[in-house]
Amino acid sequence: MTDRTEAWNSAFRQIINGAHLSTAGDLAALLDEATAQVGVTVQLYIVDIGQQWLCSARPEPLPPLRVDSTVAGRAFQRTDIITVRDSPPHLWLPVLNGTERLGVLQATLHEDHDDQSREYCWELAGLVGHLFMSKLHYSDFLHVRRRTTPFSVASELLWQLLPPQTFACDQLTVTAVMEPYHSVGGDGYDYSVDNGRAHVSIFDATGHDMHAGLTTAVALASTRNARRNGLGLLEAAELADQAVLQQAAEGLRAPFATAVLGELDLATGVLHYLVAGHPPALLMRGGRMVKALNNPVTLPLGLGHLATVPRRLGREQLQAGDRILLHTDGITEARDPRGEQFGVERLVDLTERHEAAGLPAPETLRRVSRAVLDHQQGQLQDDATLLLLEWSRSAARRVLP
């Protein structure tokens with residue numbers, strides 16, 4: 001074992017052992033002390049929830065960096081490792097938890113460096129990502145740093161229920177965005193990937209206030225509970241019907257929530273889905289939209305008791321590389337000052353063009369959501385949520401450097 005390898009191993013041990021009794025605000029000092037022994041200085045920048053700014057994780061923060069116009073932002077967007085050959089040279093590395101983009105790490109190399117140093121810095125960025133997520137549960141420090149705008153109470157509630165915005169495994173990538181992230185009221189999404197099956201869902205409750213947030217929370221929790229109890233999509237919808245209806249009966253003003261629920265067999269590509277009064281999911285293949293998955297459409301969650309026929313599932317056989325795009329009506333119905341809607345065609349076109357440019361799926365959705373915001377001059381009139389699922393081995397590889 002070389003002296004350099006032993007020094008890096010010692011630095012990793014120091015970080016892991018020191019993290020047990022560290023708060024989120026202690027991470028910067030812990031990293032400084034550990035990396036000093038390998039001749040590296042690091043700066044951690046975490047991305048804000050709106051994915052526009054990279055914010056310093058130090059107690060006394062450095063100025064934030066723009067995602068759209070900096071080298072650091074390029075490393076974040078493309079989940080790529082970028083070398084800047086200054087004196088001394090430094091690396092910009094994406095900080096990931098799995099494939100969830102958390103921010104970037106700047107590693108300044110004060111001693112001799114080579115490809116092995118680059119590899120060690122990438123491993124350090126991975127360790128930092130795991131530590132970030134572990135401290136997020138016990139601290140407000142990181143939550144505050146990720147907010148450039150105060151949250152509404154409804155938004156505070158919903159974000160605590162949602163899974164990470166991106167997940168990938170060998171056969172699948174799923175990623176989601178929600179806007180306006182700080183005041184979202186009635187939108188939500190969920191997913192789970194286990195034992196060769198992927199479950200995805202998207203929700204949109206009536207209204208844009210705390211009542212809408214509670215309705216979405218109840219619908220999401222109901223379908224998640226059904227899934228974890230081994231029930232299918234039809235049973236999940238029935239449980240959500242009952243829970244949302246009970247809310248309304250107790251005077252909590254919870255008329256209904258529209259939703260799409262889906263279950264994908266990762267081995268065969270067979271997708272079963274349920275559309276509960278929601279804009280149908282869009283199937284994209286080979287650079288174009290093939291169809292809207294709208295057969296059959298049933299009543300929204302909370303109104304199932306009014307149905308005259310039982311709910312039925314749709315079925316679709318996917319091909320390798322197919323993408324399923326789920327959205328709420330706040331995306332397609334967003335209007336510019338002239339009253340022109342953003343529309344399904346523009347949504348599909350932007351998604352396909354960004355994918356064709358080789359962007360990772362999370363960056364594709366980030367850019368599409370920015371386009372929706374720009375369409376309404378930064379002021380959305382409705383919650384707007386996107387969820388993209390890609391059944392593809394190559395897509396999973398694109399979300400890593």
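A polar contact is a pair of N or O atoms within 3.5 Å, where within protein one atom must be able to donate a hydrogen and the other to accept it. All views below show a predicted model.

View 1. S192 belongs to strand β9, which spans residues 187–194. Its side chain makes a polar contact with the side chain of D194, at 2.9 Å. Because buried means under 20% relative accessible area, S192 is classed as buried at 13%. Apart from neighbours within four places in sequence, S192 is in contact with R197, A198, H199 and R227.

**View 2. The nonpolar cores and the contacts of L261.** The largest nonpolar core comprises 48 residues, and those touching the most other members are W159, L261, L264, L301 and I324. A second, separate core has 36 residues, among them Y120, A125, V128 and L136. When neighbours within four places in sequence are set aside, L261 is in contact with V200, S201, F203, T223, L233, A236, A237, H272, Y273 and L274.

**View 3. The buried face of helix α2.** Helix α2 covers residues 27–35, and its buried residues include L27, A28, L30, L31, A34 and T35. Seen down the axis of α2, the buried residues fall within an arc of 160°, so they line one face of the helix. An α-helix has 3.6 residues a turn, so residues three or four places apart point the same way. The packing partners of the buried residues of α2 are α1 (3–19), β1 (40–47) and α4 (115–136).

**View 4. The largest pocket.** The volume of the largest pocket is about 480 Å³. Its lining consists of 17 residues, of which L136, H143, R146, W159 and L162 lie nearest the centre. At least two lining residues come from each of β6 (100–109), α4 and α6 (153–161).

**View 5. The largest cavity and G232.** The model contains 5 cavities of 30 Å³ or more. The largest cavity holds about 110 Å³ of space. It is lined by H199, V200, S201, T223, R227, L231, G232, L233, A236, L261, G262 and E263. Two or more of these lining residues come from each of β10 (197–205), α7 (210–228), α8 (233–249) and β11 (257–265). G232 is located in the loop between α7 and α8 and counts as partly exposed, at 26% relative accessibility. G232 and T175 are 57 residues apart in sequence, and their C-alpha atoms are 23 Å apart in space.

View 6. The peptide bond from E179 to P180 is cis, with omega near -10°. P180 lies in the loop between β8 (172–179) and β9. The peptide bond from N295 to P296 is likewise cis, with omega near 0°. P296 is in the loop between β14 (288–293) and β15 (297–298).

View 7. Q51 is not a glycine, yet has a positive phi of about 60°. This residue is found in the loop between β1 and β2 (53–56), and Q51 is buried, with a relative accessible area of 9%. N195, also not a glycine, has a positive phi of about 50°. N195 lies in the loop between β9 and β10 and is exposed, with a relative accessible area of 81%.

Terms used: Residues numbered from 1 in each chain as written. Predicted model: local features only at pLDDT ≥ 70, side-chain atom pairs only at ≥ 80, totals over all residues. Heavy atoms only, no water. Core = buried A, V, L, I, M, F, W, Y, C linked by side-chain atoms within 4.5 Å. Buried < 20%, exposed > 50% of the residue type's maximum accessible area, 1.4 Å probe, protein only. Contact = heavy atoms within 4.5 Å. Helix = DSSP H or I, 4+ residues; strand = E, 2+ residues; numbered from the N terminus. Arc of directions from axis to C-beta. 1 Å grid on protein atoms, 1.4 Å probe; cavity = no way out; pocket = protein on both sides within 12 Å on 5 of 7 lines; lining within 4 Å. Points joined across faces, edges and corners; volume = space filled by probe spheres on them.
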